[in-house]
Structures are given as structure tokens and as C-alpha cells.
Amino acid sequence: MGKDNETPAERRERMRQEEIEKSSSSIHGSGLPDLVGGLGWKGTGILILVLILAVIIYAIFFR
């Protein structure tokens, strides 16, 4: 299939593969954008809340 006839899913996959090839941040090309993209908005929100709670607990008990 040519680039003109590809579906949006195929286009996203092609662009993702191109980004992985160009990535120089690490061997696997993973990082924060990959983590957040894999979790989705709910998972990202939960991760942020857990980090905030961890900082609050640390501040209460270790100061």
C-alpha cells in the first residue's frame, strides 16, 4: 500500500517506527513520553497522585 492509501492506524505505526529509528535517548528509545503514552490519561493521573502523596509522606515523617 502506498502512503496515500494507508489507514490512520498504519500511519501512526509507521510514524512510531520512524521515531524509534531516530531516537538517540537510549538503546530501546523509551522514555517518559512512551511511559505516559502507554498508561493513558487515567494511569498518568494516578502516577502523579502517587508521586505527590509520596512527597507529602516523606515531608511528614523524615523532617
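Because the model is predicted, local features were considered at pLDDT of at least 70 and side-chain atom pairs at pLDDT 80 or more, whereas totals for chains, interfaces and linings use all residues. Residues are numbered from 1 along each chain as its sequence is written, and side-chain values rest on heavy atoms, with hydrogens and water left out.

The secondary structure comprises 2 helices and 0 strands, where helices (H or I, at least four residues) and strands (E, at least two) are DSSP runs numbered from the N terminus. Helix α1 covers residues 8-22, and helix α2 covers residues 32-61. The protein exposes about 5900 Å², of which carbon and sulfur atoms supply 66%, with accessible areas computed by the Shrake-Rupley method using a 1.4 Å probe and, for residues, counting only the protein chains shown as cover. Of the 63 residues, 6% count as buried; buried means under 20% relative accessible area, exposed over 50%, and partly exposed in between (1.4 Å probe, protein chains only).

The count of salt bridges, each defined as a side-chain nitrogen of Lys or Arg within 4 Å of a carboxyl oxygen of Asp or Glu, comes to 4. One of them joins Glu6 to Arg11, with the closest N and O atoms 3.8 Å apart; Glu6 is buried at 12% relative accessibility, while Arg11 is partly exposed at 35%. Within helix α1, Arg16 and Glu13 lie 3 residues apart, about one turn of the helix, and their side chains meet in a salt bridge at 2.9 Å, N to O. Arg14 and Glu18, both also in helix α1, are 4 residues apart, again about one turn, and form a salt bridge whose closest N and O atoms are 3.3 Å apart. Arg14 is partly exposed at 26% relative accessibility, as is Glu18 at 31%. Through salt bridges that share partners, Glu6, Arg11, Arg14 and Glu18 are joined into one network.

A nonpolar surface patch of about 990 Å² is made by Ile48, Ile52, Leu53, Ile56, Ile57, Tyr58, Ile60, Phe61 and Phe62. Patches consist of residues with over 30% relative accessible area and no salt bridge, like charges being joined within 9 Å and nonpolar side chains (Val, Leu, Ile, Met, Phe, Trp, Tyr) within 5 Å. Ile57, which lies in helix α2, is partly exposed at 46% relative accessibility. The count of aromatic pairs comes to 1: Tyr58 and Phe62 form a tilted pair, 5.4 Å centre to centre with 35° between the planes. Rings of Phe, Tyr and Trp (its six-membered ring) pair if their centres lie within 6.5 Å, and planes under 30 degrees apart count as stacked, over 60 as edge-to-face and the rest as tilted.
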